[in-house]
Amino acid sequence: MATRVLQTVGSGLKCTRNWFVANGQIIIATRSISGSPDSWFKSLFVRKVDPRKDAHAQLLSKKEDNNLYKIQFHNVKPECLDDYNELCEEVLPSIHANPEYPCELVGTWNTWYGEQDQAVHLWRYRGGYPALTEVMNKLRQNKDFIKYRTERGKMLLSRRNQLLLEFSFWNEPTPRPGPNIYELRSYQLRPGTMIEWGNYWARAIDIRQQNQEAVGGFFSQIGSLYQVHHLWAYKDLQSRENTRNAAWQREGWDEVVYYTVPLIQHMESRIMIPMKTSPLK
């Protein structure tokens with residue numbers, strides 16, 4: 001079809017230096033033709049850029065609140081995992097419960113399937129970056145936290161974190177009873193595709209809410225960029241399998257998968273078990 005269109009357009013054009021005669025009318029070219037004879041025709045089909053005045057963070061995040069999230073990945077020495085968990089269970093809930101710190105521990109887990117001997121912590125800062133700064137400044141003066149950080153450092157192989165915003169169309173993560181397993185699905189998107197991803201998932205999230213399995217959806221602001229995290233809760237691995245298979249029977253899910261897969265450069269799935277003190281059980 002495209003070949004026939006080009007042939008038809010080409011038959012009506014006669015090139016003379018920097019202007020064209022098309023069906024008896026003179027059209028002035030904005031630039032001279034160079035390279036292959038069909039290069040000008042190919043330029044007709046170049047997708048135009050849609051100029052935007054807002055960053056994707058403004059377009060995709062929730063406007064009614066100012067929540068900022070931090071996700072931490074701690075790779076623990078295998079022989080230290082139990083001691084690490086005990087240390088976290090002693091210190092992290094006290095920060096969560098202290099009203100002087102404008103932050104909440106959303107969930108804390110150990111990876112069961114995926115990267116082994118790993119802990120994942122998700123924090124929420126109500127008030128955005130100022131709240132994060134306030135918490136960090138206070139923790140520097142907290143002797144218990146300083147001691148915790150020193151002991152923790154002896155147990156870790158590596159650690160990394162990201163600052164995240166939540167998608168406007170996802171639920172805000174709230175404590176839920178257990179027992180549950182949690183799946184953290186992380187997607188590295190091609191740069192420039194975050195809004196397209198959000199558009200498809202804004203329609204798709206209803207399909208994946210049949211069993212209330214959707215916990216939260218986030219996209220990165222600092223750290224690894226153009227990365228998306230979807231957090232899901234299931235009763236067990238068989239429930240996860242049944243729920244995911246059932247999605248394919250619902251109208252629109254196949255379309256979401258078809259159009260979002262090309263946006264992904266890399267993806268990873270972690271199955272996680274909540275620690276004893278995690279608000280997400």
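User: How many bridges join β5 to strand β6, and which way do they run?
Analyst: In this predicted model, strand β6, which covers residues 118-126, is joined to β5 by 7 bridges, and the two strands run antiparallel.

User: What do β5 and β6 form, and what is in the turn?
Analyst: The two strands form a hairpin with 4 residues between them, and Gly-114 in the turn has a positive phi of about 125 degrees. The loop between β5 and β6 is also the place of Asp-117, which has a positive phi of about 55 degrees although it is not a glycine.

User: How accessible is Asp-117?
Analyst: Its relative accessibility is 26%, so Asp-117 counts as partly exposed, given that the partly exposed class lies between under 20% for buried and over 50% for exposed.

User: Back to β5, which other strand does it pair with?
Analyst: β5 also pairs with strand β11, made of residues 264-274, in the antiparallel sense and over 4 bridges. Within that pairing, the bridge partner of Tyr-113 is Ile-271 in β11.

User: Why is β5 called largely enclosed?
Analyst: Of the 11 residues of β5, 8 are buried, and therefore the strand is largely enclosed by the rest of the structure. Trp-112, which is found in β5, at residues 103-113, is a residue to look at separately, because its relative accessibility of 37% makes it count as partly exposed.

User: What does Trp-112 form on the surface, and with which residues?
Analyst: Trp-112 forms a nonpolar patch on the surface together with Tyr-113, Leu-237 and Ile-273, and the accessible area of the four together is about 360 Å².

User: Changing topic to charge, which residues form the negative surface patch?
Analyst: That negative patch is formed by Asp-82, Asp-83, Glu-86 and Glu-90. If you want to find one of them in the structure, look for Asp-82 in helix α4, which spans residues 81-97.

User: Is Asp-82 buried or exposed?
Analyst: Asp-82 has a relative accessible area of 59% and is therefore exposed, since that class begins over 50%.

User: OK, on to β9: why is that strand described as largely enclosed?
Analyst: Strand β9 runs over residues 214-222, and because 7 of its 9 residues are buried, the rest of the structure largely encloses it.

User: Which strands pair with β9, starting with β7?
Analyst: Strand β7, residues 156-166, pairs with β9 in the antiparallel sense over 4 bridges, and in β9 it is Ser-220 that stands opposite Leu-164. Strand β10, residues 227-234, is joined to β9 by 5 bridges and these strands also run antiparallel, with His-229 in β10 as the bridge partner of Phe-218.

User: What do β9 and β10 form, and how many residues are between them?
Analyst: They form a hairpin with 4 residues between them, and in its turn Gly-223 has a positive phi of about 110 degrees. In the loop between β9 and β10 you will also find Tyr-226, a residue with a positive phi of about 55 degrees although it is not a glycine. Tyr-226 counts as partly exposed because its relative accessibility is 24%.

User: Last one, where is the cis peptide bond?
Analyst: The cis peptide bond joins Gly-178 and Pro-179, with omega at about 5 degrees, and Pro-179 has its place in the loop between β7 and β8, the latter being residues 181-189.

Definitions and conventions
Residues are numbered from 1 along each chain as its sequence is written. This is a predicted model: local features need pLDDT of at least 70, side-chain atom pairs count only at pLDDT 80 or more; totals for chains, interfaces and linings use all residues. Side-chain values use heavy atoms; hydrogens and water are left out. Patches are made of residues with over 30% relative accessible area and no salt bridge: like charges are joined within 9 Å, nonpolar side chains (Val, Leu, Ile, Met, Phe, Trp, Tyr) within 5 Å. Accessible areas come from the Shrake-Rupley method with a 1.4 Å probe; for residues, only the protein chains shown count as cover. A salt bridge is a side-chain nitrogen of Lys or Arg within 4 Å of a carboxyl oxygen of Asp or Glu. Lys and Arg count as positive and Asp and Glu as negative; His and the chain ends are not counted. The place of a charge is taken as NZ of Lys, CZ of Arg, CG of Asp or CD of Glu. Buried means under 20% relative accessible area, exposed over 50%, partly exposed in between (1.4 Å probe, protein chains only). Two strands pair if DSSP finds at least two bridges between them.
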